[in-house]
Amino acid sequence: MGRIQLESVSKKYGKTHALKDVDLDIADGEFLVLLGPSGCGKSTLLRLVAGLIQPSSGRILLDDKDITATPPRNRDLAMVFQSYALYPHLSVAKNIGFPLRSRKFSRTVIANSVAAVASTLDLSELLDRRPAELSGGQRQRVALARAMVRDPGAFLMDEPLSNLDAKLRSATRSELIELHRRIGTTFLYVTHDQVEAMTMATRIALMDNGHIEQIGTPAELYDTPRSTFVAGFLGAPPMNLFDAIVTGCRGELHAVAPGIDIPLGIEADSHSEHPVVAGIRPEKMQIVDTQAHVEAVIATVENLGSEELVHVRAGANPLSIRVPRPSTARAGAPISIRVNPADVHLFDRDSGPRLRWSPEEAPARTGTPLYVA
Ligand SMILES: Nc1ncnc2c1ncn2[C@@H]1O[C@H](COP(=O)(O)OP(=O)(O)OP(=O)(O)O)[C@@H](O)[C@H]1O
Ligand SMILES: [Mg+2]
């Protein structure tokens, strides 16, 4: 079992409010990823669950049991941190087997478990070496192996892949996904890498400045970001965001900005104007010859191999467009772009929350055309 709950947890370091009244309920067997910019409180949250630090207020529960005051060694959690602390005088095999030896398992059980996990992480050839004789990536995998060798209630991992090169990182990512699929143990996993978050998580908790801004499946966060912060954080390049006015025109709502006029597919019975931030993902803009919604000028074209990233200006707004390669886009040329109404996200200009979840949903809400979701 491995349900982890945080109830109104806050953590202050002097004047720094690292976590502000956080509620979080992680179901048994979830792969929950804490994602967010540097300093938002990810490691603080993980260290609180591990018991390495104490909350200033609030409670932490493991399988419905209050563990707020339980020492780390009694929490049945396996931890892997960015700075892997291996025992320098012990061989790789002894390092990996350490958690089992300290729990007094038999020699045979330890040897078999170490061999199995070493084979999974491609460490079998290195079992006799000392940590000093390993590369950074190999050491990281030994730290992972040491966490994986026993059967904990949950794994806590703080950027465990950050020291690996791109190829090994991607391979180890697959190993962890496979491991989770096989054993079904709860993972609480910290990263600031959105590719890791999108590919590994059953749910992502996107943090900002000590609070959870949005929690949901990777698709939910990507498709229906609840604020401009979430919209601007996920995606590479992120969602195009620009100031626009939503106004009625010929019985339909339009999002309008210099060089931009996108019909939103929502009936309008008034001409009142709502200032908004509009958002469109780079892959949701199509280059067209006629019937354009955006008239822009191409600034630069980036070749990404399979695709091109076309950077344009519509009025003063910079926009990025992702199109199949090769395209006809050339720097300095005018460009016409079309957008589906369903692909336009609208956010409140002052406070940033999402204004409607989908055009399908909007007609049911009679009266004012825009709602804070
Ligand atoms: N021991 C400490 N003493 C004082 N302030 C701290 C301490 N640990 C963390 N902080 C502060 O708390 C805030 C959250 O830090 P935390 O390490 O949780 O961020 P993070 O999201 O893990 O960032 P990163 O991605 O850079 O690892 C930061 O402002 C940090 O400076
Ligand atoms: Mg951290």
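This is a predicted model: local features need pLDDT of at least 70, side-chain atom pairs count only at pLDDT 80 or more; totals for chains, interfaces and linings use all residues.

Q: How many helices and strands does the protein chain have?
A: Helices (H or I, at least four residues) and strands (E, at least two) are DSSP runs, numbered from the N terminus. By that rule the protein chain has eight helices and 20 strands. Its C-alpha trace spans about 80 × 45 × 35 Å along the principal axes.

Q: What share of the residues of the protein chain counts as buried?
A: Buried means under 20% relative accessible area, exposed over 50%, and partly exposed in between (1.4 Å probe, protein chains only). Of the 373 residues of the protein chain, 49% are buried.

Q: Is strand β7 mostly covered or uncovered?
A: Strand β7 covers residues 154–158, and five of its five residues are buried. On one side these are Ala 154, Leu 156 and Asp 158; on the other they are Phe 155 and Met 157.

Q: In which sense do β7 and strand β8 pair?
A: Two strands pair if DSSP finds at least two bridges between them. β7 and β8 (residues 186–191) pair in the parallel sense over five bridges, and Val 190 in β8 is the bridge partner of Asp 158. The chain passes from β7 through helix α5 (residues 166–183) to β8 in a right-handed β-α-β crossover. Right-handed means that, with the strands pointing away from the viewer, the path from the first strand over the helix to the second runs clockwise. Strand β6 (residues 77–80) also pairs with β7 in the parallel sense, over four bridges, with Met 79 opposite Leu 156.

Q: Which residues is Glu 7 in contact with, leaving aside its neighbours within four places in sequence?
A: Contact means heavy atoms within 4.5 Å. Glu 7, in strand β1 (residues 4–13), is in contact with Val 22, Asp 23, Gly 58, Arg 59 and Leu 61. The C-alpha atoms of Glu 7 and Arg 59 are 5.2 Å apart, although 52 residues separate them along the chain. Glu 7 counts as partly exposed because its relative accessible area is 29%.

Notes
Residues are numbered from 1 along each chain as its sequence is written. Chains are lettered from A and ligands numbered from 1 in the order in which they are written. Side-chain values use heavy atoms; hydrogens and water are left out.
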